[in-house]
Amino acid sequence: MAAGGGTVDVAGAMRLAIEESRSAQGSSSPNPPVGAVIVAPDGSILGRGFTQPPGGPHAEVMALRAAGEATAGAIAVVTLEPCDHTGRTGPCTRALIEAGVAEVHYALDDPNPAAAGGAQTLRAAGVTVVGGVGAAEAEAGPLRPWLFRQRHGRPLVTAKIASGVDGRIAAPDGTSQWITGEAARARAHRQRAVLDAIVVGTGTVVRDDPALTARELNGELRSHQPTRVVMGLRDVPSGAQVTDGRAPLRHVRSHDPAAVLAELEDALWVLVEGGPSIIGAFLAAGLVDELEVYLAPVVLGAGAASVDIPGITTLADAQRFSITAVETLGDDVMLRLRR
């Protein structure tokens, strides 16, 4: 696309902006994880940025800062329509206009009425604005949980299952570590680092004493930690790892999945890790939007099943999903399924 006398690869810049936005996922909540790139008229990249934690600058401001003083006549490429309201920070539209940006290309319209209208404000100031650039890729990327919350009024819920090929998550004697291999566990920790919350039941805490933290391969904590949510009426043992202060903890004294989600008013993406009755309760309530099933090449033959939904008694009652992705992780396979 011609811009400012040069040729600018706007689609390529949008891919860079989406990649930038990955660094904001989890830490920006409840704000959207946005990425932005400032491009010179000759096509060179002047600056990149992503949304900072709440109260910090938005992606456009970070990218403008990185670009320095060379922003007059530049092109801004952003994953979400620039905001047009003053909250904990000023409107991004004003920052772009004051920087002298000539064009703004964005992927998705902002569905939040309080922040929308940025495109109109920019056009009124003489800025060329193009929406819908890379929209499908942006919608499937880090913005997906935020967009889901805007549309449905609750977090996106993923249920995670790690089992043998026969659907068992533990041997008859209760041993369960580790069914899956190192590559699968590493992926799970990378995912935890972009989540807002992980939900388990009090039974899992008492039985398995999980840490529920996001860790590097060497055991060090990652920079972002999801809130550890324990649901159930029993007390959380005082010496449990979830009480160690390394990540936030919330104990929701309820067996109702909807009540748990209502307590997580700022969460965009929630992972339900178990046990079987907790996953079953979320499924029975219709509150599982996708499943991520890690299958290890082992057969346990007996022991705990991965999901317990007492209400299903016949095949006609089964909950059905569609496979949207398959990943090979060492000897294991991860299936992603959506309703």
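**A cavity, a pocket and an annotated site**

Gln25, Gly26, Ser29, Pro33, Pro142, Pro145, Trp146, Val194, Asp196, Leu268 and Trp269 line the largest cavity. The model is predicted. Searching the whole structure turns up one cavity of 30 Å³ or more. The volume of the largest cavity is about 40 Å³. Its lining divides into seven nonpolar residues, three polar and one charged. Both domains contribute: domain 1 (10-148) and domain 2 (154-338) each give at least three residues to this lining.

Why look for such spaces with a probe? Rolling a probe the size of a water molecule over the atoms shows where empty space is left.

Now turn to the largest pocket. About 1100 Å³ of space lies in it. The lining of this pocket counts 41 residues, and the closest to the pocket centre are Lys160, Gln177, Trp178, Arg192 and Glu273. By class, the lining holds 18 nonpolar, eleven polar and twelve charged residues.

Which helices and strands supply at least two residues each to this lining? They are strand S8 (156-164), helix H7 (182-192), helix H8 (202-208), strand S12 (269-274) and helix H10 (276-284). H7 gives the most, with eight residues.

Next comes the annotation. The unreviewed UniProt entry places the feature "binding site" at Ala162, Trp178, Thr204, Asp208, Gly275, Pro276, Ser277, Ile278, Ile279, Gly280 and Ala281. These positions spread over 120 residues of sequence. They are also spread in space, with up to 24.8 Å between C-alpha atoms. Which of them belong to the lining of the largest pocket? From this set, the lining takes in Ala162, Trp178, Thr204, Asp208, Gly275, Pro276 and Ile279. Trp178 is also listed among the residues closest to the pocket centre.

Two further positions in the UniProt set deserve a look. Serine 277 is found in helix H10. Is serine 277 buried, exposed or partly exposed? Its relative accessibility is 48%, so serine 277 counts as partly exposed. Glycine 280 also lies in helix H10. Glycine 280 counts as buried because its relative accessibility is 3%, and the cut-off for buried is under 20%. What does glycine 280 touch, leaving aside residues up to four places away in sequence? The contacts are Val307, Asp308 and Ile309.

Technical notes:
Residues are numbered from 1 along each chain as its sequence is written. This is a predicted model: local features need pLDDT of at least 70, side-chain atom pairs count only at pLDDT 80 or more; totals for chains, interfaces and linings use all residues. Side-chain values use heavy atoms; hydrogens and water are left out. On a 1 Å grid over the protein atoms alone, a cavity is a set of points where a 1.4 Å probe fits but cannot get out, and a pocket is an open set with protein on both sides within 12 Å along at least five of seven lines; lining residues have an atom within 4 Å of a point. Grid points are joined across faces, edges and corners, and a volume is the space filled by probe spheres set on the points. Helices (H or I, at least four residues) and strands (E, at least two) are DSSP runs, numbered from the N terminus. Ala, Val, Leu, Ile, Met, Phe, Trp, Tyr, Cys and Pro count as nonpolar, Asp, Glu, Lys and Arg as charged, and the others, Gly among them, as polar. UniProt positions are given in the numbering used here, feature names are shortened, and annotations may be inferred rather than shown by experiment. Buried means under 20% relative accessible area, exposed over 50%, partly exposed in between (1.4 Å probe, protein chains only). Contact means heavy atoms within 4.5 Å. Domain bounds come from an automatic or database domain assignment.
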